[in-house]
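Please look over the sequence and the structure before reading on.

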Amino acid sequence: MDIWHIRGGRRLEGIYRVQGSKNASLPILAASILGGAEIELENVPQLRDIDAALRILRHLGCKAEQKNNLVYIKSNDLTRSSIPHELMLEMRSSVIFMGALLARCGEARLSPPGGCRLGKRPIDLHLAALRKLGAEIEERGGDIHCRAKRLRGTEIRLPFPSVGATENILLAATAAEGETVIRGAAREPEIEALAAYLQKAGCRIAGAGTDTVTIGEYRPADYVRHRVLADRIAASTVACAAAAAGGEVELRGAESAHFSTVLHFLKRAGCDIISENTCVRLRSDGCLNAVGRVRTEPYPGFPTDAQPVLMAALLKARGCTEITETIFENRFRQVPELKRLGADIRLCDRSAVIRGVGRLTGAALEATDLRGGAAMIVAGLAAEGETLVRDTGHIRRGYEAFDRCLRDLGADVRLGIEP
Ligand code: EPZ
C-alpha cells in the first residue's frame, strides 16, 4: 500500500520534463509482436502498466526488457498466442494484444481486460470490428477465442470513436489482404502515435488523427527504433497542480496542442499561460475563478482523463463550475474523497457542480482509480495541513516517480510504503 503524505500550501516552481505517454506506449508494445522485428523504444515511462505489458510480451515468448526509459523487444520467436486471466486483469490495454496476436498468429485466446473501474467498459466494438475483418470469435464463460485463417481488408464504421477499438483494428488490419478503411475512428494523439510507429515498422497508413484511417500493405521492417510521445495527461496534471497550489512552472516536451483544451480552462480560471510547440509556461497566484461549463468529449474535445485533476484544481475557485462527463458512466469516484477536504461538490446524474470554497483542510483519503488518485494529490497541494492518500497502486500505473517530480517543483510530498 502506498501512502502519500502531502503538506499543502507550497507554491510549485521550476521545470517539469513531461514523462513519456502511458497510453501511447501500451499499444506500441502490443504492436511490437507484429513483424518479429528487433525494436527499441525510447521515452517509455517506468510504470506498473508498462511492466504488465512487458510481462505479457515475455509470456508470449518475446525478449522484452526495460532499462530506465528504453525498452528493447525481440519478438521473432513467439511461442504462445494466449494470455492468462491474471495478466489480462492487470490493465485495460491487455485487450489490444487481441488484434496484434490475431495478425501475427491467426489466433488469440484471452479474457476480458482489467483497468480502472470507470464504468461498464465493454469490448463489443473491438469484437464486432475484428469479426468484420474475418475473425471468428467465440465467447464462452470468461474466455474469448479469436481465430482467422485469413483477414480481409474491409470498411469498418465505428458508432463511437473508441480509442481501444481503433487501435485493435489498426493492428489486426496489418495482416489483412487488401485495404482496410476505418470510418468514425478515434482521433486521439495516441492513435497518430501508433500509426507513426506502424509506418516505421513497414505499414502503409493514411489519415491517422482524422476520423477516416486507411491501412494498406505491411512489409515488416527488421529493426525499428522509435521515440514515444510525451504524456498530455501527465502534463495536464502538473499544470492543474501548479494552478491550484500557485506558482510558476514550465512543462517541457509535450505538444501544447495535445492538451490545449485543458490549458484553455486553466487560462479562463485566471492562470497566465504562454505556450509554444512543446513548451508551456504557466503562472498562477493560486486564487482561481470558476470556469462555467466543462464537458468531456472524444479528442479534440476536453479529455476525460484530465477531468478529475481539473475538478481538483477548481475546488477553491470563486463561483460555480459544472463538469459533465460524457465518456465514462462512473468517473466521479474521486468526489466523495475530495469532499472530505471540505470541497462543495454536488453530483447530479452525469454532472458535478463544484462551488468554490474558501479553504480546503487536509484529511485522509483513499485513491479510487488512477486519475482520481492524482486529483486527490492535486487537491492536497492546495489544502491546509496534511493530506494522506492511501493507494493500492493506482497512481503508479500512470505517473512516473510522481512524488519526486512534485518535490523537484518544491512541493512537500512524501511517498511511504506500508505492507
Ligand atoms: C483509452 O481507454 C484510455 N486508455 C483511457 O485512459 C481514456 O480515458 C479513454 O481511452 C478515452 O480517452 C488507454 O489508452 C490505455 P474507449 P479505452 O474505448 O480505449 C465505450 C487513463 O486514465 N466503449 O475510447 O478503454 C467505453 O465503455 C485511461 O489513462 C464501448 O461501449 O477507451 C467508454 O464509455 C482510463 N464499447 C467509451 O466507449 C467498446 O467496445 C470510451 O472508451 C469500447 C468502448
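## Basis of the model

The domain bounds used below come from an automatic or database domain assignment. The structure is a predicted model, in which local features need pLDDT of at least 70 and side-chain atom pairs count only at pLDDT 80 or more, whereas totals for chains, interfaces and linings use all residues. Residues are numbered from 1 along each chain as its sequence is written, and side-chain values use heavy atoms, with hydrogens and water left out.

## The largest pocket

A pocket is an open set of points, on a 1 Å grid over the protein atoms alone, with protein on both sides within 12 Å along at least five of seven lines; a cavity is a set of points where a 1.4 Å probe fits but cannot get out, and lining residues have an atom within 4 Å of a point. Grid points are joined across faces, edges and corners, and a volume is the space filled by probe spheres set on the points.

The largest pocket holds about 980 Å³ of space. Its lining consists of 40 residues, and those closest to the centre are Arg121, Val163, Gly164, Ile327 and Phe328. Both domain 1 (2-19 + 230-417) and domain 2 (22-227) contribute at least three residues to this lining. Among the helices (DSSP runs of H or I with at least four residues, while strands are runs of E with at least two, both numbered from the N terminus), H1 (22-31), H5 (124-132), H6 (163-173), H8 and H12 (370-381) each provide at least two lining residues, and H1 gives the most, with 4 residues.

By class, the lining of the largest pocket contains 19 nonpolar, 6 polar and 15 charged residues. Here Ala, Val, Leu, Ile, Met, Phe, Trp, Tyr, Cys and Pro count as nonpolar, Asp, Glu, Lys and Arg as charged, and the others, Gly among them, as polar.

## The ligand

The side chain of Asp124 places a polar atom 2.7 Å from a nitrogen atom of the ligand, while an N or O atom in the side chain of Asp305 is 2.5 Å from a ligand oxygen atom. For the side chain of Arg121, the distance from an N or O atom to an oxygen atom of the ligand is 3.1 Å.

The model has 2 cavities of 30 Å³ or more.

## Backbone details

Most residues other than glycine have a negative phi, and most peptide bonds are trans. Tyr299 and Pro300 are joined by a cis peptide bond, with omega about 15 degrees. Asn43 has a positive phi, near 65 degrees, and lies in the loop between strand S3 (38-42) and helix H2 (48-59).

Definitions and conventions. Polar contact = N/O pair within 3.5 Å; in protein donor to acceptor, adjacent residues only side chain to side chain.
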